[in-house]
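Hi everyone, thanks for coming. Let me put a structure up on the screen, and then we can walk through it together.

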Amino acid sequence: MSISAPESPVTAHDLQVFGEEVLTAFLLDQDQAAAPQPGDGAGRVHASIAVSGGWSGRVTLDVSRTGADVLAARMLQADEVSEADVVDAVGELVNVLGGNVKGLLLEESALGLPQVSTTVDENHTHTAEFVTPTGAHYRSTAPPPPRSPRIDLSETETAISITITRHAA
Amino acid sequence: MQALVIDDSRTMRILLRRQLEQLGYDVLEAADGQQALDVLEAHRDAPPVLATVDWNMPVMNGLDFVKSVRADGGFRDLTLMMVTTEAEHGQIVRALAAGAHEYLIKPFTGEALVDKLDYLGLNPERSVA
């Protein structure tokens, strides 16, 4: 897990602890018998949530598409997961991370709703899905070529990056 | 016993449904506060005994849902448990003042949920038949 919090009210260590706690609660508490089947998709899943108030910024979680498939499958205890499953599961992860960060702020602040987008390499299926702050869902999908290369699960592919960035007030 | 899970995340609804069903609950679902009010209205004659309520949801948030339910005398026996990432003391006080009975902060373990239900006397596994 890589952590970046240069302009954050919480330390990188705090964020590391939050990330590990969230993953532990969501993943290790689940039935390990479920066998995740990562999909063929390359690319990234990018989720973020806004914090506004005395400190305004955004908590962002970025994970490989294959890693996101595994996370969603583990959270849902499902052998296969849909695009919507992945978007929702990663969105919930960043929602919980954002809540933890907000909980450490000294000044009153508000948490937005998670926004999730997925992207893939130009030769594979491309899907993008967004949830606006008003809750509206937008989705766009382009078809893949006939054969997408299989990607083996590895530690690198499941690596998660958590970042906090500050917004102008 | 019937429970209503209110969360805009389908993932969370599935996780909570699974845990509550393992305890013996029949589970209803709603994706926001307004949907939850509609579900309660449809079950007014036999409402659920427990609702788990997320805070941040589109359309109607969890706090407004709690206030709406408490303003309706028909659901006095419905126990409301906030299940949310909102972890500040002030938020917890606001929710309890609005009429929530318990507060569970995400992420939580299955054991933490069971502890809360035990405390509320709403764990079907420990209910006397």
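I'll start with the ground rules, then go through the sheet, the helices and a few backbone details.

This is a predicted model, where local features need pLDDT of at least 70 and side-chain atom pairs count only at pLDDT 80 or more, while totals for chains, interfaces and linings use all residues. Residues are numbered from 1 along each chain as its sequence is written, chains are lettered from A and ligands numbered from 1 in the order in which they are written, and side-chain values use heavy atoms, with hydrogens and water left out.

A word on names: helices (H or I, at least four residues) and strands (E, at least two) are DSSP runs, numbered from the N terminus. Two strands pair if DSSP finds at least two bridges between them.

Let's look at the sheet in chain B. Its 5 strands form an open sheet in the order β2-β1-β3-β4-β5, with parallel pairing. Which strands sit at the edges? They are β2 (26-30) and β5 (102-105) of chain B, each pairing on one side only. From one strand to the next, the twist averages 20°; axes here are lines fitted to C-alpha atoms, for helices over the stretch in contact, and angles run from 0 to 180 degrees between N-to-C directions. Inside the sheet, strand β1 (residues 2-6) and strand β3 (residues 50-53) of chain B run parallel and are joined by 4 bridges. One pair to find on screen: Ile6(B) is opposite Val53(B) in β3(B).

Now the helices. Helix α3 (residues 62-71) of chain B lies across β1, β3 and β4 (79-84) of that chain, at about 175° to β4(B). Helix α5 (residues 110-120) of chain B lies across β3, β4 and β5, at about 175° to β5(B). By contact I mean heavy atoms within 4.5 Å.

How do α3(B) and helix α4 (residues 89-98) of chain B pack? Their axes are 9 Å apart, at an angle of about 20°. That makes α3(B) roughly parallel to α4(B) (angles under 35 degrees count as roughly parallel, over 145 as roughly antiparallel, 65 to 115 as roughly perpendicular and the rest as oblique). Leu63(B), Val66(B), Lys67(B) and Arg70(B) of α3(B) make the contact with Arg94(B), Ala95(B) and Ala98(B) of α4(B).

Helix α1 (residues 10-23) of chain B crosses α5(B) at roughly 55°, and the axes come within 11 Å. That makes α1(B) oblique to α5(B). Here Leu16(B), Gln19(B), Leu20(B) and Leu23(B) in α1(B) meet Gly110(B), Leu113(B), Val114(B) and Leu117(B) in α5(B).

Next, Ala36(B), in helix α2 (residues 33-42) of chain B. Is Ala36(B) buried or exposed? At 0% relative accessibility, Ala36(B) counts as buried (buried means under 20% relative accessible area, exposed over 50%, partly exposed in between, with a 1.4 Å probe and protein chains only). Leaving aside neighbours within four places in sequence, Ala36(B) is in contact with Leu4(B), Ile6(B), Ala30(B) and Phe65(B).

Finally, some backbone details. The peptide bond from Lys106(B) to Pro107(B) is cis, with omega near -5°, and Pro107(B) is in the loop between β5 and α5 of chain B. Val59(B), in the loop between β3 and α3 of chain B, has phi near 70°, a positive value in a residue other than glycine. At 70% relative accessibility, Val59(B) counts as exposed. Over in chain A, Gln77(A) has phi near 50°, a positive value in a residue other than glycine, and counts as partly exposed at 24% relative accessibility.
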